[in-house]
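Dear colleague,

I am passing on the structure we spoke about, placed just below.

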Amino acid sequence: MAKSNLAIVEGLLFISGDEGITLTDLVKLTGFMRPAMLELLNRLKKKYEQDDDSALVLLESGNTYRLATKSSLAPVIKHYFEVPLMVPLTNALLEVLAIIAYKQPITRVEIDAIRGVQSSGSLQKLIVRGLVETSGRLDAPGQPFQYSTTAAFLNYFGLTSLDELPPLMEQLTTDDLDGDIFMRALQRREKQRQKEDDDDKRTSAKSNG
């Protein structure tokens with residue numbers, strides 16, 4: 001099935017996430033002329049505005065375009081991100097967090113490439129929880145944000161520094177890794193912590209006995 005020009009532009013806007021994408025980059029990536037690209041963007045903007053069943057709007061700032069949710073959805077979107085800190089992290093959040101921990105600073109696009117799926121929502125949740133923060137921008141087209149872990153991340157996993165992160169498998173380099181391996185690394189750390197806690201409890205019980 002042939003791809004429509006509008007779908008191509010919409011796909012690039014979606015992939016660019018919160019950072020958005022510049023008009024210049026859209027023109028370079030698609031090969032469309034600048035006036036044609038502006039017309040497509042205008043059509044897309046009107047399409048969202050006129051469709052009550054669409055949650056999206058197209059925002060433009062300084063020749064950078066990005067997709068966002070309509071202001072009318074603010075209450076439900078706000079509720080989505082307001083997750084109590086005591087609620088356990090989901091596998092998806094742990095996966096994104098582990099990737100950032102081992103490859104920081106890292107951009108969202110790089111995280112997406114490792115995971116194979118969009119990570120914008122997970123990143124925002126981790127930022128709200130205080131486990132991840134932005135740490136400058138990459139000196140590359142679009143100047144995307146880079147993300148790093150915080151001191152709260154160390155506290156969450158009982159670490160005093162990033163040096164205490166469990167080592168990855170020696171025969172692999174970080175360029176060979178996917179999210180599953182990052183997940184297993186942190187899970188090994190958690191299992192080791194649990195084993196140490198259980199050993200301490202047994203030792204304490206014997207001493208009291």
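Helix α1 (residues 5-16) lies across β1, β2 and β3, running at about 80 degrees to β3. Here contact means heavy atoms within 4.5 Å, while axes are lines fitted to C-alpha atoms, for helices over the stretch in contact, with angles running from 0 to 180 degrees between N-to-C directions. Helices (H or I, at least four residues) and strands (E, at least two) are DSSP runs, numbered from the N terminus.

This is a predicted model, in which local features need pLDDT of at least 70 and side-chain atom pairs count only at pLDDT 80 or more, whereas totals for chains, interfaces and linings use all residues. Residues are numbered from 1 along each chain as its sequence is written, and side-chain values use heavy atoms, with hydrogens and water left out.

The 3 strands under α1 form an open sheet in the order β1-β3-β2, with antiparallel pairing; two strands pair if DSSP finds at least two bridges between them. Because β1 (21-22) and β2 (56-61) stand at the edges with a single partner strand each, one side of each has no neighbour in the sheet. Between β1 and strand β3 (residues 64-69) there are 2 bridges in the antiparallel sense, and T22 stands opposite T64 in β3.

Another open sheet of 3 strands has the order β4-β6-β5, again with antiparallel pairing. Its edges are β4 (106-107) and β5 (132-137), each with a single partner strand, so one side of each is left without a neighbour in the sheet. β5 pairs with strand β6 (residues 145-149) over 4 antiparallel bridges, and the bridge partner of T134 is Y147 in β6. Helix α5 lies across β4, β5 and β6, at about 95 degrees to β6.

α5 (residues 91-103) also packs against helix α7 (residues 120-128) at an angle of about 80 degrees, their axes being 9 Å apart. That makes α5 roughly perpendicular to α7 (65 to 115 degrees; under 35 is roughly parallel, over 145 roughly antiparallel and the rest oblique). In this contact A92, L93, V96, L97 and I100 of α5 meet S122, L123, K125 and L126 of α7, and the residues divide into 7 nonpolar, 1 polar and 1 charged. Ala, Val, Leu, Ile, Met, Phe, Trp, Tyr, Cys and Pro count as nonpolar, Asp, Glu, Lys and Arg as charged, and the others, Gly among them, as polar.
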